[in-house]
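I opened the file to look up a few contacts and packing angles. My entries follow in the order I made them.

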Amino acid sequence: MSITISDIKQFIYCPRVIYYSYVEPVPRKVTFKMEYSRSQHYELNQREKRRSLKRYNLLEGKRYYGVPVSSTILNLNGKLDILVDTENMEGQRYFPIECKDTDQKVQKNILYQLVAYALCIEEMTNTPVQKGYIYIIPEEKAYPVIITESQKQYIRKVTTMIRKIIHDEYYPDPRSNKRCWDCEFQRYCNDCDLPNTISLKERNRTIVQELFNKS
Ligand code: SF4
């Protein structure tokens, strides 16, 4: 069964997302943040086409956008934001660049997404990929990422774990309850560590009272 690189990103965020995507699919909301992120991606690619690669500390090379990538070995596929072909005949020739619209630091799930792209490119081109970049759109900054063999090994394991969830219809534990706060699947998980709404309402009431007392 074929899985996507986006599944890997989701699994690392929380394995239950795989369950909700494949085993018991639930309706998903397209949030404003997702829509905005898509439009930013488009804008970025348009601008990026006109700029040099100096910011990536790479030699000039050919840039390809929205590149479909796949691995037959892992039965994995995805679409990479930017692929740079430096046309170097020695060392690393192809560099994956993943763009993210986030105001947080580079998260693990984004990093491992890049590792999965690297594995696909290695298999497709038969050349080593040991470095890539994550471009943070709001900062307009590209962060270099060294891609290690142990990270690649982890991705191989993750693809096995994803298939196990799907095949065995296994409902996994959350990776961390801290993520439940702003997770779109919150209403389907009834063991989230969410705050007691009574205390939340009480706190809001106090804040409102204080505001009125001030005025
Ligand atoms: S609400 Fe929490 S447990 Fe449920 S999918 Fe989201 S992060 Fe995982």
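**Entry 1: contacts of I166**

I looked up I166 and found that I166 touches M1, I18, Y22 and V23, leaving aside residues up to four places away in sequence. I note here that the model is a predicted one. I166 lies in helix α5, which covers residues 149-168. I then checked the separation of I166 and M1: 165 residues in sequence, but 9.6 Å in space from C-alpha to C-alpha.

Is I166 buried, exposed or partly exposed? I counted 17 C-beta neighbours inside 10 Å, so I166 is partly exposed. Burial would take 20 or more such neighbours, and exposure 12 or fewer.

**Entry 2: helix α2**

I listed the buried residues of helix α2 (residues 16-23) and got R16, V17, I18, Y19 and S21. Against which elements do the buried residues of α2 pack? They pack against α1 (5-13) and α5.

I then took the pair α1 and α2. Their axes come within 6 Å and cross at roughly 135°. That angle makes α1 oblique to α2, because roughly perpendicular ends at 115 degrees and roughly antiparallel applies over 145. On the α1 side I find D7, Q10, F11 and Y13, which meet V17, I18 and S21 in α2. By class, the residues of this contact of α1 with α2 are four nonpolar, two polar and one charged.

**Entry 3: α4 against α5**

I repeated the check for α4 and α5. The two helices pack at an angle of about 90°, with 9 Å between their axes. α4 is therefore roughly perpendicular to α5. From α4 the contact takes Y112, V115, A116 and L119, and from α5 it takes Q151, K152 and I155. I sorted the residues of this contact of α4 with α5 by class: five are nonpolar, one is polar and one is charged.

I also looked up V115 separately. Not counting residues up to four places away in sequence, V115 touches I147, Q151, K152 and I155.

**Entry 4: the nonpolar core**

Which residues touch the most other members of the largest nonpolar core? In this core of 42 residues, I found I8, I97, V115, A116, Y117 and A118. I then asked which elements each supply at least two residues of the core, and the list is α1, α2, β3 (76-85), β4 (94-100), α4 (108-125), β5 (131-136), β6 (141-146) and α5. The largest share comes from α4, with ten residues.

**Entry 5: the ligand**

I looked at the shell around the ligand and counted eleven residues. The closest of these are C14, P174, C180, C183 and C189. By class, the shell has eight nonpolar residues, one polar and two charged.

**Entry 6: the whole chain**

Last, I took the totals. The protein chain has six helices and six strands, and from the N terminus on I read the order as β-α-α-α-β-β-β-α-β-β-α-α. What percentage of the 215 residues in the protein chain is buried? I get 27%. I also took the contacts between residues at least 6 apart in sequence, and 62% of them join residues at least 24 apart.

Notes: Residues are numbered from 1 along each chain as its sequence is written. This is a predicted model: local features need pLDDT of at least 70, side-chain atom pairs count only at pLDDT 80 or more; totals for chains, interfaces and linings use all residues. Helices (H or I, at least four residues) and strands (E, at least two) are DSSP runs, numbered from the N terminus. Two residues are in contact if their C-beta atoms, placed from the backbone, lie within 7 Å. A residue is near a molecule or strand if its C-beta atom, placed from the backbone, lies within 6 Å of it. Ala, Val, Leu, Ile, Met, Phe, Trp, Tyr, Cys and Pro count as nonpolar, Asp, Glu, Lys and Arg as charged, and the others, Gly among them, as polar. A nonpolar core is a set of buried Ala, Val, Leu, Ile, Met, Phe, Trp, Tyr and Cys residues joined through C-beta atoms within 7 Å. Axes are lines fitted to C-alpha atoms, for helices over the stretch in contact, and angles run from 0 to 180 degrees between N-to-C directions. Angles under 35 degrees count as roughly parallel, over 145 as roughly antiparallel, 65 to 115 as roughly perpendicular and the rest as oblique.
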